[in-house]
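Me: I have a structure open here and want to get my bearings. Can we walk through it together?

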Amino acid sequence: MDLLLSKLLPPLLYPLPLACWALIFAIVRFWRAPKQAAIALVIALSILLLSGNDYVATALIASLERQYLPPNPMPKAAAIVVLGGAVVPQTAPRPWVEVTEGGDRILYGAHLFRQGYAPYLILSGGRIEWLGETFQRGEAADMAEIATTCGVPRDKILLDTTSLNTYENAVNVKALLEKHQIQGDLLLVTSAYHMPRSVAIFRRLGMNVIPAPTDYRYLSIARSPTWQNLLLSLIPNPYNVDITTIALREYQGLLVYKLRGWL
C-alpha cells in the first residue's frame, strides 16, 4: 500500500495534472461562476508557461545535478553500484533489451568496471507488477545483459532484482555486500538529478558511497545574449515540462523520504 501511494499520489501534483485539474474546474464553473473559471484558466496557463520555460526547467534540474559532480580523479572502490531506471525489456517489437534516456547509468557503470575502478558490478532494480511490468525477470537482469555485451564478465556481476524504489535499492545492496563479504568504498552510479536522494539513503544505512553521476539533463553552456535565443528560451515546450516534472518528483521524493526517516 505504501508503494502504491508513493507512486500514485505524487504524479497528481506534477505540472501537467495540476493544469488539467485547473482546466476541469474552469469547465465545471464556467457558467455558474465565470470569475472563478477565469482564475482557474489563468492558473492553468501559468503552470504550463512556467513548467515549459527553459529558464525554470534548467534552474530546477541544475539545483539537483550540481550537488554532486564526478570525482576527478576517479578513485578505486570495492564495487560499482548501478541503480535501475535505465532499461526496458525485450518485448515485441523490440528485438533486444533497450536503454531509456537514463540508460547512461548501465553504460557508465560498465565503462567504469572496464576501466578497472572496481572488481564487482552491482546492479539494482526490480519491476512493479501493478504498473503492468509483468515480466519474468527484474530490471537488474536486463542491465546485466547489456553489461556483459559491454565486456563485463558475468561472474563479476551481482544482482538485486527485487527493489522497487531507491530505499529498497540501498537495503538490498547492503544485503548483497554482507552476503559476498564486500567491504570498502562504493562507486554509486545513477542519474545526476537522482544522486542527492541516493547518496543520502546509502550513507544513512552505513555505506560509504562515492557519487559517480551520469545522465545529465542540465548543460552548463553559456547562453547566447541574442533576442532570438531569449525568445526561444521563453517559449514553453514539452521537453522542459518533462525536466521540470523530473526535478519536482525528486524534491517530492526527498521530502517523503525525510518524513519517513529514511534520510
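Me: Which domains does the domain assignment of the chain give?
Reply: Keep in mind that this is a predicted model. The assignment gives domain 1, made of 3-65 + 236-260, and domain 2, which covers 77-218.

Me: OK. How many Å apart are the C-alpha centres of domain 1 and domain 2?
Reply: The centres lie 29 Å apart.

Me: And how many residues are in contact between domain 1 and domain 2?
Reply: On the domain 1 side, 16 residues. They are in contact with 17 residues of domain 2.

Me: What area is buried between domain 1 and domain 2?
Reply: About 1,600 Å². Carbon and sulfur atoms give 65% of that area.

Me: Why quote an area at all? 
Reply: The accessible area lost when parts come together is often used to give the size of an interface.

Me: How many salt bridges are counted between domain 1 and domain 2?
Reply: The count is 1. Glu250 forms a salt bridge with Arg197, and their closest N and O atoms are 2.7 Å apart.

Me: Which helices each supply at least two residues of the side of domain 1 that touches domain 2?
Reply: Helix 1 (2-8), helix 4 (54-65) and helix 10 (238-259). Helix 10 gives the most, with 8 residues.

Me: How do the residues on that side of domain 1 divide into nonpolar, polar and charged?
Reply: There are 10 nonpolar, 2 polar and 4 charged residues on the side that touches domain 2.

Me: New topic. How many salt bridges does a search of the whole structure find?
Reply: It finds 7. One of them joins the side chains of Arg94 and Glu98, at 3.5 Å from N to O.

Me: What about Arg137: which residue does it meet in a salt bridge at 2.6 Å, N to O?
Reply: That is Asp142. Arg137 also forms a salt bridge with Glu145, with the closest N and O atoms 2.5 Å apart.

Me: Is Asp142 buried or exposed?
Reply: Asp142 has a relative accessible area of 1%, so it counts as buried.

Me: Which residues do salt bridges with shared partners join into one network?
Reply: Arg127, Arg137, Asp142 and Glu145.

Notes: Residues numbered from 1 in each chain as written. Predicted model: local features only at pLDDT ≥ 70, side-chain atom pairs only at ≥ 80, totals over all residues. Heavy atoms only, no water. Domains from an automatic or database assignment. Contact = heavy atoms within 4.5 Å. Buried area = accessible area lost by both parts, 1.4 Å probe. Salt bridge = Lys/Arg side-chain N within 4 Å of Asp/Glu carboxyl O. Helix = DSSP H or I, 4+ residues; strand = E, 2+ residues; numbered from the N terminus. Nonpolar A, V, L, I, M, F, W, Y, C, P; charged D, E, K, R; others polar. Buried < 20%, exposed > 50% of the residue type's maximum accessible area, 1.4 Å probe, protein only.
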